[in-house]
Amino acid sequence: MDEPIDIEALQMLVQQHRAQLGLSLRAAAEQADVPFNTLARVEKGHLPDLANFTRLVDWLGLSPERFFQPPRLRTESTPDVIAFHLSRDPNLTDAAAEKIAGLVKELYGSLAARESEVKVHLRAASTFTPQASRMLADLLATIQSKLTASDTGGSAQGRG
């Protein structure tokens, strides 16, 4: 989508709002104070002019900012992506979307934090369960065999 306005969201919300009100296209156009042809084109996914866009957004009871696309979704973190989608959810008010996004961000921050590294000294090996000891032994054997294979594979580096 290259349009600065999310016309798909506008299209969907206009159709839903009209259906909820049980209005014909003509009656909805009159109520929204936009030309009938403009409303019909919006419901087909066309971008209205600014004046009609403003009237439609007023009719929907939403803020115009809700339909503007950010130049690029610069957010990379999961809570920011969730917040972006919540802000566009037609079932949420702006305040509700912000509250939910805040909760998600707080939960994500506390639950997604990596646990600190645990350093294990080899003397602690006696406290491993037998299964953990076997897994560690298998892992070390795999590492050793790969290192050996790479050394015999023509590496010019000598051992120190």
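Predicted model: local features only at pLDDT ≥ 70, side-chain atom pairs only at ≥ 80, totals over all residues.

Reply: The charged end of Arg26 sits over the ring of Phe36, at 4.2 Å from the ring's centre (a charge sits over a ring if NZ of Lys or CZ of Arg is within 6 Å of the ring centre and within 35 degrees of the ring normal). Residues are numbered from 1 along each chain as its sequence is written, and side-chain values use heavy atoms, with hydrogens and water left out.

Turning to rings that face one another, the count comes to two aromatic pairs, where rings of Phe, Tyr and Trp (its six-membered ring) pair if their centres lie within 6.5 Å, and planes under 30 degrees apart are called stacked, over 60 edge-to-face, and the rest tilted. Phe53 and Phe67 make an edge-to-face pair, with 6.0 Å from centre to centre and 85° between the planes. This pair links distant parts of the chain, since Phe53 belongs to helix α4 and Phe67 to the loop between α4 and α5, 14 residues apart (helices are DSSP runs of H or I with at least four residues, strands runs of E with at least two, numbered from the N terminus). Phe53 is buried, with a relative accessible area of 2%, and Phe67 is also buried, at 1% (buried means under 20% relative accessible area, exposed over 50%, partly exposed in between, with a 1.4 Å probe and protein chains only).

Phe53 also pairs edge-to-face with Phe68, at 5.9 Å centre to centre and 75° between the planes. Because Phe53 lies in helix α4 and Phe68 in the loop between α4 and α5, this pair ties together parts that are 15 residues apart in sequence. Phe68 is partly exposed, with a relative accessible area of 40%. Phe53, Phe67 and Phe68 form one aromatic cluster.

Phe67 is also one of the residues with the most contacts inside the largest nonpolar core, which has 21 residues (a core is a set of buried Ala, Val, Leu, Ile, Met, Phe, Trp, Tyr and Cys residues joined through side-chain atoms within 4.5 Å). The elements giving two or more residues to this core are α1, α2, α3 and α4. Leaving aside neighbours within four places in sequence, Leu60 is in contact (heavy atoms within 4.5 Å) with Phe67, Leu10, Leu13, Val14 and His17.
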